2 protein chains.
Amino acid sequence: MAECAAVMEKFLKNLLSSRKGYEGKLYSAMSYASLKGGKRLRPFLTLQSAKLFEASEQYALRVGTAIELIHCYSLVHDDLPAMDNDSLRRGRPSCHIAFDEATAILAGDALQVLAFEILSDPKTHPDPNVRVALVKGLAIASGGGGMVGGQMIDLESENCDVDLETISRMQRLKTGALISFSCEAGAILGKASVEEKQALIKYAQDIGLAFQIADDALDYFSSKKIFGKEIGKDFYEGKTTLPLIIIFQRGNNEERSFLKEIFKKKKRNEDDFSETLALINKYKAVEASFKRAEYFVNVSYDALGIFQHSEEKNVLQNLTEFSLNRSF
Amino acid sequence: MAECAAVMEKFLKNLLSSRKGYEGKLYSAMSYASLKGGKRLRPFLTLQSAKLFEASEQYALRVGTAIELIHCYSLVHDDLPAMDNDSLRRGRPSCHIAFDEATAILAGDALQVLAFEILSDPKTHPDPNVRVALVKGLAIASGGGGMVGGQMIDLESENCDVDLETISRMQRLKTGALISFSCEAGAILGKASVEEKQALIKYAQDIGLAFQIADDALDYFSSKKIFGKEIGKDFYEGKTTLPLIIIFQRGNNEERSFLKEIFKKKKRNEDDFSETLALINKYKAVEASFKRAEYFVNVSYDALGIFQHSEEKNVLQNLTEFSLNRSF
């Protein structure tokens with residue numbers, strides 16, 4: 001995955017090389033928001049999926065980069081004060097802190113459209129049918145019926161009494177749609193059969209869910225000093241995630257009322273968090289969440305069953321193990 | 001133009017029909033920001049340009065709608081508090097006032113990507129080469145090297161000592177690029193020759209400039225009661241536009257210093273505006289601006305010279321007359 005990230009980094013750097021004049025700031029902010037970022041899971045999935053069909057790595061890299069740009073723009077807009085109001089992203093100041101809010105909004109807008117410029121370019125694939133299928137797939141995955149719709153559900157469901165179904169739907173749209181498309185894009189590049197494409201989509205949906213559930217559980221995983229991740233972020237933001245739903249299901253009436261009350265409040269304090277953590281421990285909600293993540297990892301393994309044994313298939317299957325190990 | 005707007009309205013309404021669940025708010029905001037809006041100049045240009053080549057109206061309408069969605073999203077993001085902070089748009093509360101800032105950011109994001117979903121759909125044109133050319137053209141026109149880049153220059157050049165060249169460049173990117181592409185898209189749909197496409201692009205650039213210059217001049221046109229348009233908006237926002245550059249060129253040293261001083265201030269008051277208006281009148285800067293707009297109208301007329309006389313060509317030429325009449 002590190003190798004794929006390095007090649008993509010170089011390509012992106014070239015693409016966003018600094019411009020003169022007043023719009024130079026825009027390109028600096030676009031670079032800031034898209035370079036040196038994260039694990040690059042999405043481009044890696046595109047590259048590995050494309051390899052299953054022996055499709056060109058060069059094409060897959062461009063497509064993966066386009067998908068990653070959509071992911072990066074969504075993080076920039078998500079971090080804005082009007083949205084999640086996060087001033088840190090991957091240990092660095094968020095884009096609107098490093099620059100300013102207006103620049104962050106525009107940089108997000110420009111990163112989004114750059115993804116479609118890349119996909120529509122003949123360098124991405126000589127066949128216009130492939131390019132236009134990629135554009136359509138990315139547009140659907142990242143639009144109102146996909147990623148942006150999921151973000152809206154996420155914002156709207158804060159401080160609300162939501163159920164597992166709503167949360168699953170939100171996650172399927174907010175992060176699942178783009179992860180699925182990352183694999184689907186490899187299948188499009190490889191001109192895969194409908195069955196092969198469906199298998200990869202299913203695989204991606206399952207590992208997407210496993211990642212998400214593990215992340216949600218880590219928010220209540222109290223060994224933060226070991227893992228370096230702050231805990232309680234979702235809790236203080238009023239986000240209902242799987243561990244909460246589990247204690248809601250397993251708890252008694254009194255405990256349910258307590259949870260409802262503290263999530264009705266505009267702000268939750270440290271005492272609220274301590275009491276919730278006690279319930280999480282009492283009902284083993286983190287362990288139960290990880291079990292659910294493990295279930296999806298197993299299911300994702302099965303989804304690849306239609307592909308013959310190969311080095312490429314192995315990499316995808318090891319990825320799901322990685323996603324599980326990451327959680328413990 | 002009204003007829004084109006009505007057909008597009010119906011198509012958009014269908015496309016954005018309300019959704020159930022938590023993301024319903026997103027679709028309401030998208031509808032609010034894109035329905036009942038403006039003159040629909042851009043789709044009209046696409047439709048009329050396509051008609052020059054007898055290309056399908058139905059296809060042109062879909063393409064024009066996609067372009068209009070980009071225009072609408074840019075207005076939603078432009079109005080945000082961190083950007084121009086406008087609470088009114090076309091006499092109604094701006095999207096972030098009618099809903100909230102987070103929803104407005106997401107609605108803008110979703111409108112942008114919807115444009116690319118429409119263009120990539122086979123209903124837009126059976127030939128994938130045409131669809132992918134439309135995607136690429138729209139992406140370039142609206143991205144960091146086009147519309148968004150222009151917005152960045154606009155924000156960065158506020159309160160700065162900018163020259164005519166910078167302003168022209170900003171306008172060419174901020175509004176010119178999308179207006180040009182509106183005509184170019186008609187040529188792409190009509191599989192026009194390179195010369196025909198270039199002629200239409202030139203025409204669109206010229207009328208775009210004429211519109212922009214007329215709009216800038218109206219900001220200092222003191223008969224606001226007659227025209228119903230507020231004056232001084234650009235002035236108070238610290239935007240350097242053509243009328244100011246004209247008095248800067250024609251004025252004496254003292255007047256130049258006065259202008260520099262008041263544009264260095266964070267905020268300008270009514271006295272500053274009255275004194276500036278006096279200079280505008282003294283040096284006939286509004287009239288000079290309109291003269292420049294008229295020049296571009298004439299040039300745009302010439303650009304269509306390579307097309308044979310037709311009803312469709314007439315409509316495009318009358319449009320430039322309309323753009324001039326609108327100013328006086």
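**Cavities and their linings**

Modeller: In this predicted model, the count comes to six cavities of 30 Å³ or more. The largest cavity has a volume of about 140 Å³, and of the 15 residues that line the largest cavity, A:Y32, A:A33, A:R89, A:R90 and A:R92 are the closest to its centre. Among the contributors, α4(A) gives the most, with four residues. Sorted by class, the lining of the largest cavity holds eight nonpolar, two polar and five charged residues.

The second largest cavity has a volume of about 60 Å³, and its lining consists of A:L164, A:I167, A:S168, A:Q171, A:L209, A:I213, A:D216, A:L242 and A:R292. Here α9 (164–189) and α10 (194–218) of chain A each supply at least two residues, and the largest share of the lining of the second largest cavity, four residues, comes from α9(A). By class, the residues around the second largest cavity divide into five nonpolar, two polar and two charged. This lining also draws on two domains of chain A, with at least three residues from each of domain 1 (1–16 + 26–123 + 131–192) and domain 2 (213–328).

A search of the whole structure finds 20 aromatic pairs over all chains, and one of them, formed by A:Y220 and A:F235, is edge-to-face, with 6.4 Å centre to centre and 85° between the planes. The pair links distant parts of the chain, since A:Y220 lies in the loop between α10 and α11 (224–227) of chain A, whereas A:F235 belongs to helix α12 (residues 233–236) of chain A, the two being 15 residues apart.

The same surface serves both copies, as 100% of the contact residues of chain A recur in chain B.

Key: Residues numbered from 1 in each chain as written. Chains lettered and ligands numbered in written order. Predicted model: local features only at pLDDT ≥ 70, side-chain atom pairs only at ≥ 80, totals over all residues. Heavy atoms only, no water. Contact = heavy atoms within 4.5 Å. 1 Å grid on protein atoms, 1.4 Å probe; cavity = no way out; pocket = protein on both sides within 12 Å on 5 of 7 lines; lining within 4 Å. Points joined across faces, edges and corners; volume = space filled by probe spheres on them. Nonpolar A, V, L, I, M, F, W, Y, C, P; charged D, E, K, R; others polar. Domains from an automatic or database assignment. Phe/Tyr/Trp six-rings, centres within 6.5 Å; stacked < 30°, edge-to-face > 60°.
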